[in-house]
Amino acid sequence: KVGNYEIKKSPYSSHMLILNAIKPGSRVLDLGCEVEMAKNLIQKNCIVTGVNMQFIEINGIKKFIAHDLEQPLHLSEEEKFDYIILADVLEHLKNASGALLGCKKYLAADGRVILSTGNIALWVMRLSLLLGKFNYGRRGILDETHVHLYTLSSFLSLIKQSNLLSIAVQGTSIPFELLFPRHSKSWYVKGFTGLYSKVANLWKRLFAYQFVVVAQNNLETQEEILKISNFEI
């Protein structure tokens, strides 16, 4: 994964949900670091360490490491982060569970891991399968570089197997602003995107374009998990 993806600026996109979930001034480890995401974090006065396969020049970043996430990541044992981001990363990795387990040792005691991935069970994908189509492309859920495809259940299962507790799950809207770029700023595209986002969170498994999950190492009681919904954290 190379950091040249254009950030989705819709308030209902995975990028914006991730950015809004991170407190200003936090220590952030961004695995699969993208230029625009890093810049937005730096604008929030976050102390950012970025990791990607290819070196990227980013003004204001604390450290950038060119590293293949299929291999173990070695940082100073004393280095701890308030947030570890894996935004649209795990679907690109053959050893996704290994990467997730490997980064946990750098998470602060009260830190959080924020992950996102596409929903292979989206109604569009189901309809395509019904019509006998399953075509990979250059981007989107069927990006040709994806080696894993996730439903909500399988994504949460991967997180649980890594001894992390999922404390918040948000579904995102289909990026209609990218599908209709000429009308991306129109009131009806923005309005429909907002309406779709509400539907996507009522029925995440069927309508969410992507899942954004916040996880952490420990919670004292199961009741605490049940009290937390979406991004009210």
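Sorted by class, the residues that line the largest pocket comprise 15 nonpolar, 11 polar and seven charged ones. The model described here is a predicted one. The space in the largest pocket comes to about 650 Å³, and among its 33 lining residues Arg 139, Gly 140, Ile 141, Leu 142 and Tyr 209 are the closest to the centre. At least two lining residues are supplied by each of strand S5, helix H4 (123-130) and helix H6 (176-179), and of these H4 gives the most to the lining of the largest pocket, namely three residues.

The structure also holds two cavities of 30 Å³ or more. In the largest cavity, Tyr 12, Ser 13, Ser 173, Pro 175 and Glu 177 are the lining residues that lie nearest the centre.

| Space | Volume | Lining residues | Classes in the lining |
|---|---|---|---|
| Largest pocket | about 650 Å³ | 33 residues | 15 nonpolar, 11 polar, seven charged |
| Largest cavity | about 50 Å³ | 13 residues | four nonpolar, seven polar, two charged |

Strand S5, which supplies at least two residues of the pocket lining, spans residues 107-118 and includes Thr 117. Thr 117 counts as buried because its relative accessible area is 1%, and the cut-off for buried is under 20%. Leaving aside residues up to four places away in sequence, Thr 117 touches Asp 88, Glu 91, Tyr 150, Phe 155, Gln 210 and Phe 211.

Note on methods: Residues are numbered from 1 along each chain as its sequence is written. This is a predicted model: local features need pLDDT of at least 70, side-chain atom pairs count only at pLDDT 80 or more; totals for chains, interfaces and linings use all residues. Side-chain values use heavy atoms; hydrogens and water are left out. Helices (H or I, at least four residues) and strands (E, at least two) are DSSP runs, numbered from the N terminus. Buried means under 20% relative accessible area, exposed over 50%, partly exposed in between (1.4 Å probe, protein chains only). Contact means heavy atoms within 4.5 Å. On a 1 Å grid over the protein atoms alone, a cavity is a set of points where a 1.4 Å probe fits but cannot get out, and a pocket is an open set with protein on both sides within 12 Å along at least five of seven lines; lining residues have an atom within 4 Å of a point. Grid points are joined across faces, edges and corners, and a volume is the space filled by probe spheres set on the points. Ala, Val, Leu, Ile, Met, Phe, Trp, Tyr, Cys and Pro count as nonpolar, Asp, Glu, Lys and Arg as charged, and the others, Gly among them, as polar.
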